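These are my notebook entries on one structure.

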Amino acid sequence: MAGSGRRPEHRGPPELFYDVAEAWKYSQNSRMIEIQSQMSERAVELLDLPKDRPCFLLDVGCGSGLSGDYISEEGHHWVGMDISSAMLDVAVEREVEGDLILADMGQGIPFRPGMFDGCVSISAVQWLCNADKKTHSPPKRLYRFFSTLYSALARGSRAVLQLYPENSEQLELITAQAMKAGFTGGMVVDYPNSAKAKKFFLCLFVGMAGVLPKALGAECANGEESQQAKFTSERTRFRNAKGKSVKKSRDWVLEKKERRRRQGKEVRADTRYTGRKRRPRF
């Protein structure tokens, strides 16, 4: 699924959208190869891998293996998984160096605990926000993906997932399920003021609260760097003696809304007015 390097339009499930013709088109288009390589390079950079040894990485939505090519060039080993057999067939034809597996990331990461030193994903995770079958629940599929990914990664490692969210609700849904699965981290938005160059990278930490990397092109007019969205695996403000948020506080309201989102219910987007106390009416 990672072969396009562009914002994918939702035209049904990816295993049907990326047929043989689409797969070959993406793998031979020089512009798409360039964009894919750039995003792969940025994702690996955000992983902050050790310099003194090769690492074993997972490429989720590996497509025709374009991201894997860069991983191999950097001296690392990798396994790629994708739901599109046509894309994997192209990867085999291209004789990529990584191992390949046909799998649906929404059903979980099928590897043993602590197996990988890091994970990258280019233009794939947003597909989990779509309910392509009646049995598909986006919150459940996202949680299954993130919880099994968390298990498959070594403690202290990172996952960097480049994605194209359709709206803020998708971003909230994705980050909420990552947080629920135990990850910490946040969204790194490169070139936030550019319509064409803007890229979203969900940078996740396993078993530690790391420092979120700096975004590219994110300086404000006054020279100060814009703040990236951060989250941790638990909230700490406004807790009562039992460790729960005080009822009716902003955190209490946000947690209640988040529970409803995880249940697949429609919830209004969070704003600066969420949980604000209103003045009494006379």
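**Cysteines**

The model is a predicted one.

**Nonpolar cores**

I next examined the largest nonpolar core, which holds 35 residues. Phe145, Phe146, Leu149, Leu161 and Phe183 are the members that touch the most others. I listed the elements that supply two or more residues to this core: strands E1 (56-60), E2 (77-82), E4 (116-122), E5 (153-163), E6 (184-190) and E7 (199-205), together with helices H6 (138-152) and H7 (168-180). H6 contributes the most to this core, namely 6 residues. I also recorded another core, apart from this one, with 25 residues, including Ala43, Leu47, Val96 and Val188.

I then looked up the contacts of Leu161, leaving aside neighbours within four places in sequence. Leu161 contacts Phe145 and Phe146, and also Cys119, Ser121, Val125, Phe200, Phe201, Leu202 and Leu204.

**Helices H3 and H4**

Which residues of H3 and H4 meet? On the H3 side I found Ile33, Gln36, Ser40, Glu41 and Val44, and on the H4 side Leu66, Ser67, Tyr70 and Ile71. The axes of H3 (residues 30-47) and H4 (residues 66-73) come within 9 Å and cross at roughly 50°. I therefore classed H3 and H4 as oblique to each other. The crossing of H3 past H4 is right-handed.

Terms used
Residues numbered from 1 in each chain as written. Predicted model: local features only at pLDDT ≥ 70, side-chain atom pairs only at ≥ 80, totals over all residues. Heavy atoms only, no water. Core = buried A, V, L, I, M, F, W, Y, C linked by side-chain atoms within 4.5 Å. Buried < 20%, exposed > 50% of the residue type's maximum accessible area, 1.4 Å probe, protein only. Helix = DSSP H or I, 4+ residues; strand = E, 2+ residues; numbered from the N terminus. Contact = heavy atoms within 4.5 Å. Axes fitted to C-alpha atoms, helices over the stretch in contact; angles between N-to-C directions. Parallel < 35°, antiparallel > 145°, perpendicular 65-115°, else oblique. Left-handed = near helix turned anticlockwise from the far one by under 90°.
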